[in-house]
Amino acid sequence: MKVALLGVGGCGTRLVDQFVRTEQRTGRSVTNGNVLAFHTESQPLSQTTALSTDQHILLGDTHPAVLRRDTNSPATDAQNSSHDPKRHSETSTTTSQHSTSSNSRPRGYDINEYGVGGDPDVGAQVAKADRPEIRRALDKIDETEVAATMIVAGLGGGTGAGVGSVLLEELTDIYETEVYTLGVLPADTESDQRALTAARGLRTLVPRAASTLLVDNDSWSRDRDAVADCYQSINQMTVDRLLSVFGAGEANATFESELRIDPADISRTLAVGGVTTVGRATIEIDSNAHGLLARILRLLGRSQSSGSTPVDASKIKTLISRAVQSKLTLPCEITSADRVLLILSGPPDTISRKGFETGRYLLEEETQTVEVLAGDEPIQNTTELTATVVLANVTSVPQIDELQRRAVTAEDAVTTTSGPSTTTEQTTTTDEVNSQTVEPSADEDSIPTEFDFTNAETTSETSDSTEQ
Ligand SMILES: Nc1nc2c(ncn2[C@@H]2O[C@H](COP(=O)(O)OP(=O)(O)OP(=O)(O)O)[C@@H](O)[C@H]2O)c(=O)[nH]1
């Protein structure tokens, strides 16, 4: 299934850049070059290696609260300096030392000095003010080449949640095809303010997106005190899963397979909406039958073997169990999934019908759902068999409940220092996140009502500064 990827903010930019690098390295193509990166800060854009400058969209040039890095100062590694959890807490209430109008930013959001300073309301304002530029950038996406679009962002980020939210609104208005989101949840060691931004980002994105795939930074960090050091590996595991899901059915069809995955199965699985999580596990298979030497011998006619030794059904069962039990992008109670998709990728004919049916039966049993779609993806030149499992519309997710709890703490802290919030209750459980419906915003220029990130005082502060 061909998909356009739109990275937003630092996290989104790094993820889409890594996705394109992986496409280039593996020779697989999902995006066909339909990739853009939106940011309010230039450095993360300039640090991409697989995207061209044409694919960089820098927003917020005219917004007074957007802080630009001094181009004469030595470049720092944005990833390590801006996202060190310790640094977040140290700088969370400081004001910037740089000469801009960053004083117009509401208190408590200034957790990354540059761009929108972590404030999703400013992010949303910037995106609304720069709508013409966003539309011009979207013209670069060839809608006829892709079946869907995915917005990719760190949900704890001011740019990710703020700009991402407006971008989603824009895309769902103009695109006929599905718009998915991929959101990264902040780690426990990050500030509660990031948790609040992410909780409200979820509340905005999930009901509007066709489906929201979530990645939990906490579950994938080897070192909880240095989560940013794990971004590279978390990003690669995310990219590998995305490529397994959307790349399925796109591989060269030299090898026919009656079980071959149909891209329509992917959209059908995701069509239930809500929160999606993806598991994946891999095993090495008999390298004698499938390895390079065996393939060369077969090509030279020196081997009669077709190389099609089916993998044991019990091995496939173990593989799928591993994929759903411990390797989900967002851990959840798997029985809460509405629909399930299983993709088995590996050398042609390694997956026997028996192995396949055993795998499907296992998933039906473990997830207690009869809506299990399944298919295989024959891949040449590999000695690995991979099981990818997509669990759609999961509703029992401890990490989201914990995020909501932290969001309430952060909101209470803001309310205590700034007076009562005028917004309605804004934090929810996973069930509520999934079931909420979105009212179209009445006024084109207003922030969607469900995306009210700040209390009345801070909202009016930033609005005033925008109008100056
Ligand atoms: N997995 C992963 N998570 C990241 C990465 N960069 C940031 N994050 C997460 O995403 C959140 C938002 O960070 P950014 O994307 O850099 O923030 P932003 O959207 O650019 O906006 P600001 O908050 O204003 O900096 C962080 O709090 C982390 O939880 C990354 O490269 N990989």
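**Exercise 1. Find the helix that holds Gly158, and decide whether Gly158 is buried or exposed.**

Start with the secondary structure: Gly158 lies in helix H7 (residues 158-174). Helices here are DSSP runs of H or I with at least four residues, strands are runs of E with at least two, and both are numbered from the N terminus. This is a predicted model, where local features need pLDDT of at least 70, side-chain atom pairs count only at pLDDT 80 or more, and totals for chains, interfaces and linings use all residues. Residues are numbered from 1 along each chain as its sequence is written.

Next, apply the burial rule: a residue is buried if 20 or more other C-beta atoms lie within 10 Å of its own, exposed if 12 or fewer, and partly exposed in between, with C-beta atoms placed from the backbone. Gly158 has 32 C-beta neighbours inside 10 Å, so Gly158 counts as buried.

**Exercise 2. Work out what Gly160 is in contact with.**

Then list its contacts, meaning residues whose C-beta atoms, placed from the backbone, lie within 7 Å. Setting aside neighbours within four places in sequence, these are Val8, Gly9, Cys11, Gly12, Ala153, Gly154 and Leu155.

Finally, check the record: UniProt, in an unreviewed entry, places a "binding site" feature at Gly158, Thr159, Gly160, Glu190, Asn217 and Asn235. Its positions follow the numbering used here, feature names are shortened, and annotations may be inferred rather than shown by experiment.

**Exercise 3. Describe strand S1 and the strands it pairs with.**

Begin with the strand itself: S1 covers residues 3-8, and six of its six residues are buried. Val3, Leu5 and Gly7 point one way, while Ala4, Leu6 and Val8 point the other way.

Now look for pairing, which needs at least two DSSP bridges between two strands. S1 pairs in the parallel sense with strand S4 (residues 148-154) over six bridges, and Leu6 stands opposite Ile151 there. S1 also pairs in the parallel sense with strand S2 (residues 35-39), over four bridges, where Leu6 stands opposite Leu36.

Last, follow the chain: from S1 it passes through helix H1 (residues 9-26) to S2, a right-handed β-α-β crossover. Right-handed means that, with the strands pointing away from the viewer, the path from the first strand over the helix to the second runs clockwise.

Terms used
Two residues are in contact if their C-beta atoms, placed from the backbone, lie within 7 Å.
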